[in-house]
Every structure is written in C-alpha cells, then in structure tokens.
There are 2 protein chains.
Amino acid sequence: MRETLAEWQPAIDDAIADFLPRDVDTDYLESFFGESTYEYDPTGIQRALSDPIWDLLDRGGKRWRAVLFLVFIDAFGEDPAAYLPYACIPEILHNGTIIVDDVEDEASMRRGEPALHHIYGEDVALNAGNAMYFLPLKILTHDPGNLPAERRLAAYEMLMDELNRTHLGQGMDICWHNEREVRVSPEEYLEMCACKTGCLGRIVARLAAIITDQPAEVERHAAAYAELTAVAFQIGDDILDVEHSLGRAGDFGKEFGNDVREGKKTLMVIHAIEESDAAEADRLQEILGAETNTDEEVLEALSILENAGSVEYARERALGLAEQARAHVDALDFEPEIAEQLTEFTEFVVERDV
Amino acid sequence: MRETLAEWQPAIDDAIADFLPRDVDTDYLESFFGESTYEYDPTGIQRALSDPIWDLLDRGGKRWRAVLFLVFIDAFGEDPAAYLPYACIPEILHNGTIIVDDVEDEASMRRGEPALHHIYGEDVALNAGNAMYFLPLKILTHDPGNLPAERRLAAYEMLMDELNRTHLGQGMDICWHNEREVRVSPEEYLEMCACKTGCLGRIVARLAAIITDQPAEVERHAAAYAELTAVAFQIGDDILDVEHSLGRAGDFGKEFGNDVREGKKTLMVIHAIEESDAAEADRLQEILGAETNTDEEVLEALSILENAGSVEYARERALGLAEQARAHVDALDFEPEIAEQLTEFTEFVVERDV
C-alpha cells in the first residue's frame, strides 16, 4: 500500500484542488456552490477557507484514507483513476476533523508547524474545519459521473450514520479527558476508538462499496476491516507512546510520556487500574489527574503500566483486532495481491515503530 | 405567526427530545445511532451532548425556524402535527450554529446566561455544536414516515447546498471582522447575510417544500421569501443597534454602540464609508478598527452614520427586501390568512423595536 500511496498522492491533491482551488475566484464559487443572490467576495473566501485549508494539506499528511479508498475501488474491479473525486471525500473530512480536534484539544503543533488556529485564529480555523465537513459531501452531487440516485442516497445515509457516530466518539473522549477518575471499561474504550477513528475508516470502505454497487455483505466486511484497522491503529499509537517513553526516559532532554502527562485514559491505563492493587491504581489515577508531573512521576506511572502487564495486554488486543480484520479481508474474496496489501496495512499500523 | 409559535413550542421541544432525550441511555443510543461494536458510554454522551444541548434549548429561543416550517407545511395543505420531527431539523441546526458561532466570536453571554463554552469548556461546546449539524440530518433517514427515497435524496442534496453556503457566509463575516479596513460593497454584505443567515431560512422553506413534494417553482418562491426575510432581519438587527444606541447614549450607565465597539462592518458602515467625505470615512474606519473606544468616539461614529444617511439607506434596503419577499408570497398563491401571516412576519423582523 505504501507504493500505491506514493503513486497516487499527486493525483489526489489535484482532485482536491478541483473542489477547493488554491486560488478562489467567482467562477469557481458559482460553479461549485451555485449562483450568488448578490455578490460573492472571493478574497474573503480565499482567506477564510482556501488559505488555511491548503496550508494544512501542503504540510503533508499521508492521504491514507484516499489511498485505501482507491485500493478498495481496485479490489472491487473498477478503475481507481475514474473515482478520484470520491477519494477526496474521506480525505477532506479527515483533515477537517484534525483542525477542529486541534482547537478542542488545545494542540499547539500539527505536522511540525503551529496548529492552524494559532496561525489564523480560532474563528477562521473552526469555520474552515467545519466547512470541510460539508464541502466533500457536495462532491456526491456535484460530480456524480454516472452515479445513479439510489447510490447517492445510500452514500448520504451512510455518511450521516458515520458522521453522527464520530461525534459520539469524540464526545466520549472529551468527557473522559475532563473527568478526573478513570471510570470506563476496555469495551467502552474500544467503542470510543471505533466511533472516533473507526467511523472515518468505515466511510472509506462503505463509500467505495456503495458507489461501485457492491452487495450489502461486501460493504459490511469492508467496513468491519476498516474499523478494526482504525481501532488497532489507535491502540498501536498508545503503545508506541509508552514504549518510546520507556526507551527514551534515560536520554537527557528528550520528551517522554506525553500521554501520561496529558492524563490520557488509554486502554493500558484502564487495564492497569483494573489489574493493579488498590494503592497502585490510586497512585496511577493521582499522577494522571495532576496538572503537572515530574519526570519521576511519569516514570512511576509507566512502571505501574508495565507491572500490570498492560502493554502486553494492549498488544494482544491489537493483534486480536488485526486477526479479525484479516478474517474480514478473507471473506471478501479479493485478488490475493490486494488481500495481502490490506492485511499488511493492518499489521503495519499495529506494529510500526515510528 | 406569534400565536402559532406559542401553540407549537411545547410540541416542538417534545419532538426534539425524541431525537436527543434529556436522559441518555443505551437503548436510545442503539436505536438512534445503531448498535455499538463494543459498548457505548451513555454517561459520557449525556455529559458531552445531552446536558449542554438541553442547557441551551431550555434557555428559551423562539423556535422560529420550526414554527415557520410548520406554517409552510400548513400552507402546502398538509397537517403540521404529522411533520413535527422534520421541524426539528432546522431548529437543531440553528442551535448548533449558535454554539459554534459563540466560540468563534468569543461571545461571553447567550440568552442571558454564560455562553456554553464558558460553562462546559470549548471542547464539549464545539463537539456538541458540531454534533447538532449531523444529528438532525439523520432524522430524514431515521423517521422517514412515508417519505420516498427521491424526497430523502432531494432533501440531502438541498441540505448540502445550503450548509455549504452557510460556511461561505460565516467565512466572509469572520474574514471582514479580522481585516482592519472596510473593503466590501453593499452587494457583498447582502450576500454574506444571504449565506450566513439566509441559508438556514432557505432550509426551512425548501425542506417543507421537498418533503411535501411541491413543484420546483413553489420551492424556489418559498426559499426566496425565507432568504429575503432573513437578510431583512439581519439589516433590521443592525439598524436596531444604532437606533437604540442613539436613544440610549444619554442614559448614564447604559451600554450602547455595541456594533461600533466590535468594529462590525454593517450595511450602514459600508454605505457611510462610500458616501462620506474622505476625512469622515477615514475617521469611521479608525474608530471601528481601534481595540477600544471611548463613549465619545462611539457617538462620533454613530453620527457619521447618521450624517451619511446610512440608517435611512439601510431601512430602505430592508423595506425593499420585505417588498420582494411579499411578491414571492403572492406568487405562492397561499390562503389569504397564511399569506398575511408570512408577510407580517417579514414586516415584524424589519420593524421590530426590541
């Protein structure tokens, strides 16, 4: 899939620029958004939408969602190049959620540069992020190619399902972050990931299935694969933070233990609190709930996770999800080469070390 | 329409509670959002969505959009009570934009109480506001009654049109607010209003037309009426701020000139800068662009608006819009009583004095 990525990236960016050009003029506004009643201000829309959005897109980002979409299109026996406009839908949605999440999480940096709201202000950043929730949905209508009405409707209804659950997931995550105590179960943590991260994966898979008119079973397996891979990715990400922290803690001046410092309630934290004795569980809660932590406190929290076997537990769960993902790929009966690509992708997100 | 409002308000709130209950449990989550893959956290979703959203809704708000929707349903010869679930769509969307706008505008108060982000934090408020962009769109699918597929699709495509233009309007407004100079024309100001405020009005009218299967011409006239009324409302609002300020400026301790203090580029400001001599226009720009203003400076700005005839100009434009709105109502050929109600509503929003 990494080769596919390098191959498609420029074409994906060109397709995005067809819907949101780097230079906004009245012709574009009228053709994409419809005639104005009075008179558009292209300069204002350039500054409010195009500039911040392209600033973010030009910082890189791997366009994984668009590429995964194209891999599915290929797997379903269609020509990916013909479906590039639709590949933009999950990609633009994803970048929109990044902008909004960064405001919600008070993030300072994004892809090596200041988060958008630090450059353009919260007002511009939020409106641009929210515009990216709706702009891609217009692609279905604007560029339907030969997409019949029932597929457009199915796509809209699917998108409304998934985008609603995205906000449930983000709501759970925010709520837990703001609560002092850790009160949730591993199953609730996985649901949060399935909603918050998984739904965008599901959109990738389901959109590819819907617009190429696959049977419901195919759509279901493809969606399950994408959701499982996304959840496994999230757990892999949390593990990586702990392992890097344990590896780096001795290196002078290196940051480590970011998730502990942020008080993040990861699957490992939830497991450790369930499995440790009361004193250790309380101590872990205390460190996570504190406004600031010393390096020693962070190391103490990390060793509570280690002692409870929580890193192994999380890795086992992630591998279990990857195994389930593989089963769904097998059920899809794709060409062996494509099936292998999809399975390798899941393994990569679980086991990557950067 | 005000009688209609009082009559319908409790039923509208009950209908909203069907889609987002005050008390969230797993049954509701599974029936509205679908089965969980793992396990929902109803407590988290209560705290992240239901609590802040009902806090806002319980503060009042007039439910104008829902009522206008029901008036249209009635005008189209259908029973409004049967369409209550759909009346929630524009109402929930509207309240969602309020929450997000309040963050974007750094508003401190809303409906007499602290803005939601001051109570729940920006993260919860933004996610709740954004959830309110998607939750109502699911109503079309969740409670389709006997709504055939082609009407659901038409509704989705209409909503994507209008919600995209909403973000263009908000983008223009934010951009102009952040710019020091006033560089836009009256036609661009009206377009900003047509997009930012008008599109929600258009959603009200077009949704009522689409789900009762009206001809395209009917939908077009109803949408134009709602857009014109919304734009006229916005101008009326700006005039009210100036007139109240001129009336109150002598009263010790009363706030006045809020729009001038915020540097708002209203239709009156745009007109005054076009019509005043260079020295007065520069002075007006200077006062609007300043971080803070003394009462004397605010009065000076207000008198530049008065001298340029900008209040009369704005009132003339608003009355002109109201006249156009009436023409669209006439073209709709409604029962005289309903036509009168709609026309009175436009006149009320232009000429109200509170």
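In this predicted model, the residue A:H221 is found in helix α10 of chain A. A:H221 is classed as buried because its relative accessible area is 14%, and the cut-off for that class is under 20%. If the neighbours within four places in sequence are left aside, the residues in contact with A:H221 are A:H328, A:A331 and A:L332. A separation can also be given between A:H221 and A:A205, which are 16 residues apart in the sequence, while their C-alpha atoms lie 8.9 Å apart in space.

A second residue to look at is A:A322, which belongs to helix α15 of chain A, a helix that covers residues 310–332. With a relative accessibility of 13%, A:A322 also counts as buried. Once residues up to four places away in sequence are set aside, A:A322 touches A:T346 and A:V350. For A:A322 and A:V350 the C-alpha to C-alpha distance is 7.7 Å, although 28 residues separate them in sequence.

A:H117 is buried, and its relative accessible area is 9%. The side chain of A:H117 forms a polar contact, at 3.4 Å, with the side chain of A:H118. Beyond the neighbours within four places in sequence, A:H117 is in contact with A:D102, A:V103, A:A107, A:E122 and A:A125.

The table sets these residues side by side.

| Residue | Helix of chain A | Relative accessible area |
|---|---|---|
| A:H221 | α10 | 14% |
| A:A322 | α15 | 13% |

From single residues we can now turn to the two chains together. How many residues of chain A are in contact with chain B? There are 62 of them, and they are in contact with 62 residues of chain B. The area buried between chain A and chain B is about 5700 Å², and carbon and sulfur atoms give 61% of it. A:Y38, A:F134 and A:L168 supply 14% of the area that chain A buries against chain B, which is more than any other three residues supply.

Across the same interface the rule finds 8 salt bridges. A salt bridge joins the side chains of A:D161 and B:K138, with 3.1 Å from N to O. The elements that give two or more residues to the side of chain A that touches chain B include α3, α5 and α10 of chain A, and the largest share, 19 residues, comes from α8(A). Sorted by class, this side of chain A has 31 nonpolar, 13 polar and 18 charged residues.

Chain A is superposed on chain B by a rotation of 180° with 0.0 Å of shift along its axis, and the RMSD is 0.0 Å. That is the relation of a two-fold axis. Within chain A, the C-alpha nearest the axis belongs to A:L153, at 2.6 Å from it. Finally, 100% of the interface residues of chain A are interface residues in chain B too, so the copies meet through the same surface.

Definitions and conventions:
Residues are numbered from 1 along each chain as its sequence is written. Chains are lettered from A and ligands numbered from 1 in the order in which they are written. This is a predicted model: local features need pLDDT of at least 70, side-chain atom pairs count only at pLDDT 80 or more; totals for chains, interfaces and linings use all residues. Side-chain values use heavy atoms; hydrogens and water are left out. Contact means heavy atoms within 4.5 Å. Buried area is the accessible area (1.4 Å probe) that two parts lose on being put together, summed over both. A salt bridge is a side-chain nitrogen of Lys or Arg within 4 Å of a carboxyl oxygen of Asp or Glu. Helices (H or I, at least four residues) and strands (E, at least two) are DSSP runs, numbered from the N terminus. Ala, Val, Leu, Ile, Met, Phe, Trp, Tyr, Cys and Pro count as nonpolar, Asp, Glu, Lys and Arg as charged, and the others, Gly among them, as polar. Copies are superposed by least squares on the C-alpha atoms of residues with pLDDT of at least 70 in both. Buried means under 20% relative accessible area, exposed over 50%, partly exposed in between (1.4 Å probe, protein chains only). A polar contact is a pair of N or O atoms within 3.5 Å; within protein, one must be able to donate a hydrogen and the other to accept it, and residues adjacent in sequence count only if both atoms are side-chain atoms.
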